[in-house]
Amino acid sequence: MEDINIKELRQMCYRQSKIPGEFLLQLRCAGNYMDAKWLEMVQHVCQTWGNGDFHIGTRLTFDIPGIKAKSVPEVNKYIEPFIVEMEENMCGVEMDTKNGYPYIGPRNVVACVGGIHCIKANVNTQEMAHKVEKLIYPNPYHVKIGVAGCPNDCVKAQFQDIGIVGVTMPVYDADRCISCGACIKKCQKAATGVLEPDGRGRVAKDLCCCVGCGECVTACPTGAWSRQEKVFYKIYIGGRSGKQYPRMGKMFANWLSEEAVLAIIKNWPAFSDMALGGKAEYLHGGHLIDRAGYHNFKNFMLKDVELNPEALIADNVYWAEQEYRSNIHLKSLDRHMNVQP
């Protein structure tokens with residue numbers, strides 16, 4: 001039996017198989033939108049070094065099983081053009097690609113197709129995913145990030161460590177309104193019902209509860225409702241599945257500019273380093289927030305961030321976890337991760 005450095009291969013995005021000596025390669029592509037020519041490369045790797053099959057991972061990676069440890073250097077050499085295209089050319093990531101991927105920590109940034117195709121989308125999710133990838137990769141700290149084009153949230157942003165959702169702040173032109181009520185009916189059926197007649201033949205809006213979906217824009221036959229040229233985002237934090245403390249994420253910020261979102265994401269690796277004491281462990285972002293405390297997290301993540309005038313930030317967050325056993329949080333003080341006796 002050959003000696004295999006499993007930890008080293010894992011860092012290179014090769015996951016250990018149940019079959020001794022075999023590994024599954026995960027190919028990254030931030031945003032998950034690419035030229036179909038790369039399918040030939042995936043096929044070649046599968047049939048030359050793998051077992052002939054592949055799996056589209058839950059984070060939309062190309063997962064190629066059956067690769068022998070001894071074949072890894074050859075595989076890495078073959079996939080280098082793909083890594084260069086996806087990471088360097090598409091996302092502007094600076095990294096050494098000769099030996100494959102340097103880290104597995106930041107998981108593949110997932111995104112819906114967004115503004116490239118979807119009529120519901122408020123933003124170009126692909127461009128945002130590429131910009132986020134440049135900020136988080138490569139580094140050793142684990143994080144799962146998803147980008148949704150609208151509050152329909154097809155990427156389940158509320159179950160990511162950091163979920164980014166494109167929203168719109170529609171502009172209402174009363175002079176174009178014909179009082180047909182189409183926007184009111186659409187908002188009641190598909191959104192949060194924040195529109196109602198104002199009693200003067202026009203439409204009134206409850207700004208507090210608007211989710212920024214833009215359904216009113218698509219429903220209006222006269223263009224009385226329109227999307228601003230300026231786009232906005234909301235951020236969810238701390239979502240996760242798993243055995244111990246599954247929970248939906250909570251809204252951290254709303255009506256953020258793109259610049260503010262990226263400035264916040266830029267602070268994540270440093271926050272992780274602080275919360276983990278410089279030791280890169282596999283922990284969900286929500287666990288790190290729990291360790292540091294929400295207010296410490298908020299102050300750290302907003303460091304050097306210039307918020308746009310419309311931006312709103314959560315003053316506090318009240319988690320609602322699924323506890324599989326009673327009093328799961330009650331334990332002796334010496335077992336607390338964020339308090340020492």
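Predicted model: local features only at pLDDT ≥ 70, side-chain atom pairs only at ≥ 80, totals over all residues.
Me: In what sense do strand β6 and strand β7 pair?

Reply: Strand β6 covers residues 145–148 and strand β7 covers residues 162–167. Within this pair, V147 has I164 of β7 as its bridge partner. Four bridges join the two strands, and the sense of the pairing is parallel.

Me: Are α2 and α3 roughly parallel or roughly antiparallel to each other?

Reply: Helix α2 takes in residues 38–48 and helix α3 residues 72–91, and their axes come within 11 Å. The axes cross at roughly 160 degrees. Angles over 145 degrees count as roughly antiparallel. The two helices α2 and α3 are therefore roughly antiparallel.

Me: How many residues in the contact of α2 with α3 are nonpolar?

Reply: The crossing of α2 and α3 is left-handed. From α2 the contact uses W38, M41, H44 and V45, while α3 supplies V75, Y78, I79, P81, F82, E85 and M86. One residue of this contact is polar and one is charged, and the number of nonpolar residues is nine.

Me: Are α8 and α9 oblique or roughly perpendicular to each other?

Reply: Helix α8 (residues 268–275) packs against helix α9 (residues 285–292) with the axes 10 Å apart and an angle of about 60 degrees. Roughly perpendicular would need 65 to 115 degrees. Therefore α8 and α9 are oblique.

Me: How many polar residues has the contact of α8 with α9?

Reply: This crossing of α8 and α9 is also left-handed. W268, F271, S272, M274 and A275 of α8 meet G285, L288, I289, R291 and A292 of α9. Seven of the residues in the contact are nonpolar and one is charged, while the count of polar ones is two.

Me: Where is P138?

Reply: The peptide bond that leads from Y137 to P138 is cis, with omega near -5 degrees. Helix α4, at residues 125–136, is on one side of P138 in the chain and β6 is on the other. P138 is in the loop between α4 and β6.

Me: Is C210 buried or exposed?

Reply: C210 sits in the loop between β10 (203–205) and α6 (215–219). Neighbours within four places in sequence aside, C210 touches T192, V194, K205 and W255. The relative accessible area of C210 is 15%, and under 20% means buried. C210 is therefore buried.

Me: In which class of accessibility does D304 fall?

Reply: D304 lies in the loop between α10 (294–301) and β14. Phi of D304 is near 65 degrees, which is positive although the residue is not glycine. The relative accessibility of D304 is 71%, and over 50% is needed for its class. D304 therefore counts as exposed.

Me: What share of the residues in the protein chain is buried?

Reply: The protein chain has ten helices and 14 strands. Its C-alpha atoms fill a box of roughly 80 × 60 × 40 Å along the principal axes. Of the 341 residues in the chain, the buried share is 47%.

Methods
Residues numbered from 1 in each chain as written. Heavy atoms only, no water. Axes fitted to C-alpha atoms, helices over the stretch in contact; angles between N-to-C directions. Parallel < 35°, antiparallel > 145°, perpendicular 65-115°, else oblique. Left-handed = near helix turned anticlockwise from the far one by under 90°. Contact = heavy atoms within 4.5 Å. Nonpolar A, V, L, I, M, F, W, Y, C, P; charged D, E, K, R; others polar. Pairing = 2+ DSSP bridges. Buried < 20%, exposed > 50% of the residue type's maximum accessible area, 1.4 Å probe, protein only.
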